[in-house]
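Hello,

Here is the structure I promised to pass on to you. Please have it open beside this message while you read, and I will walk you through what turned up.

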Amino acid sequence: MGTQTRLLFSLFFFLVFFCALTSWAQLCPGPPSPARLVSLSPLLTENIFVLGAGDRLIGNTVYCQRPKAAQDKEKIGSVQELSIEKIVSLKPDLILASNLTSRQQIDKLRAIGLRVETFGQPASFADICAHFHRLGVMLGLEAQAESIIAQAQAKVEAVRDAVAQLPRRKVFLQVGANPLFSSVNTSFTHDFIEFGGGINIAGEQRLGAMKTEQVIALNPEVILIAVMGSEDGLGAEEKNRWLRFPTIDAAQSGQVYLLDPDLVCSPSPLTFAETLLTVARLIHPEVANRRPPSLAAP
């Protein structure tokens with residue numbers, strides 16, 4: 001048998017093997033995507049709906065309020081205090097948890113044979129997108145996740161382009177009141193300031209705890225308040241407190257603003273992009289007056 005003939009036979013058998021392997025992969029697509037989900041995190045609940053899998057969600061926590069449909073799901077307790085019995089009774093295929101759920105409770109769920117996947121706290125917008133993509137893969141919705149991430153990234157880049165040539169302004173982003181807590185550069189909330197054309201006055205701090213005197217000394221030009229409990233008036237109290245310090249530039253100019261803490265502290269990729277646009281407009285009001293079409297509000 002000549003060399004050319006042997007090569008033709010080798011190519012033939014390779015093609016037969018490849019076709020057989022492809023056919024087998026099509027006949028055996030792998031395990032089905034989980035159809036019964038329990039979410040132990042408001043952000044994970046929101047992301048499930050964003051991916052179009054809200055109909056698979058059979059239970060979540062009392063803090064899962066977004067979107068409105070999440071409020072109608074069976075409640076299994078809070079983020080940190082779960083009813084193991086309730087979760088078991090729902091017979092979930094997959095339980096999604098954040099790092100706020102105790103390791104002990106997660107171990108209990110796993111010990112009785114339930115699948116639990118945990119997500120850490122994102123440190124950046126890139127982390128938010130990576131976590132969202134991981135969730136999409138778990139739910140068999142990778143293509144949808146990638147499309148949504150691409151939309152969010154395009155919106156974020158449009159904001160960054162809009163503020164790129166503007167002077168950076170000093171910003172204090174308050175995410176806690178008692179004790180006073182700020183955004184630091186190890187948190188994704190720092191990206192709101194950085195991408196929005198600001199300088200985070202607490203950016204060099206390792207921890208977020210601050211004293212009022214520190215904020216006064218750093219003299220922010222813009223103060224953004226996103227504290228839990230704003231619905232009970234805590235945010236308004238904090239705003240009025242800062243406005244009473246005439247030596248702070250933000251107080252002098254009246255640039256002390258309240259933000260929705262849910263959108264700031266637990267965003268999906270798209271809500272991050274939308275909240276970033278709000279933040280950029282507050283830091284640089286001129287952005288709202290001359291934004292390109294790509295920055296139009298959704």
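Buried here means under 20% relative accessible area, exposed means over 50%, and partly exposed lies in between, with a 1.4 Å probe and protein chains only.

Before going further, a word on the source: this is a predicted model, in which local features need pLDDT of at least 70 and side-chain atom pairs count only at pLDDT 80 or more, while totals for chains, interfaces and linings use all residues. Residues are numbered from 1 along each chain as its sequence is written, and side-chain values use heavy atoms, with hydrogens and water left out.

Back to Thr212, which belongs to helix α8 (residues 212–218). Helices (H or I, at least four residues) and strands (E, at least two) are DSSP runs, numbered from the N terminus. The Thr212 side chain has a polar contact of 3.0 Å with the side chain of Arg241. A polar contact is a pair of N or O atoms within 3.5 Å; within protein, one must be able to donate a hydrogen and the other to accept it, and residues adjacent in sequence count only if both atoms are side-chain atoms. Not counting residues up to four places away in sequence, Thr212 touches Leu180, Arg241, Trp242 and Phe245, where contact means heavy atoms within 4.5 Å.

Two of those names lead on to the aromatic rings. Arg241 sits over the face of Trp242, 4.5 Å from the ring centre; for this, NZ of Lys or CZ of Arg must be within 6 Å of the ring centre and within 35 degrees of the ring normal. Across the whole structure, a search finds five aromatic pairs. Rings of Phe, Tyr and Trp (its six-membered ring) pair if their centres lie within 6.5 Å; planes under 30 degrees apart count as stacked, over 60 as edge-to-face and the rest as tilted. Phe172 and Trp242 form an edge-to-face pair, because their ring centres are 5.7 Å apart and their planes stand at 75°. Since Phe172 lies in strand β6 (residues 169–176) and Trp242 in helix α9 (residues 234–243), this pair ties together parts that are 70 residues apart in sequence. Phe172 is buried at 0% relative accessibility, and Trp242 is buried with a relative accessible area of 0%. Trp242 also pairs with Phe245: the centres are 5.9 Å apart and the planes at 50°, so this pair is tilted. Phe245 is partly exposed, at 23% relative accessibility.

Next, helix α5 (residues 125–138). Its buried residues are Phe125, Ile128, Cys129, Phe132, Leu135, Gly136 and Met138. They pack against α2 (42–50), β4 (94–98), β5 (116–119), α6 (142–163), α7 (189–195) and α12 (269–283). Phe125 is also part of a cluster, joined by ring pairs to Phe192, Phe195 and Phe272. After α5 comes Gly140, with a positive phi near 75°.

Ser266 is in the loop between α11 (261–265) and α12, and is buried with a relative accessible area of 17%. A polar atom of the Ser266 side chain lies 3.0 Å from the backbone oxygen of Asp262.

As for the whole protein, there are 13 helices and 10 strands, and buried residues make up 45% of the 298 residues.

Enjoy exploring!
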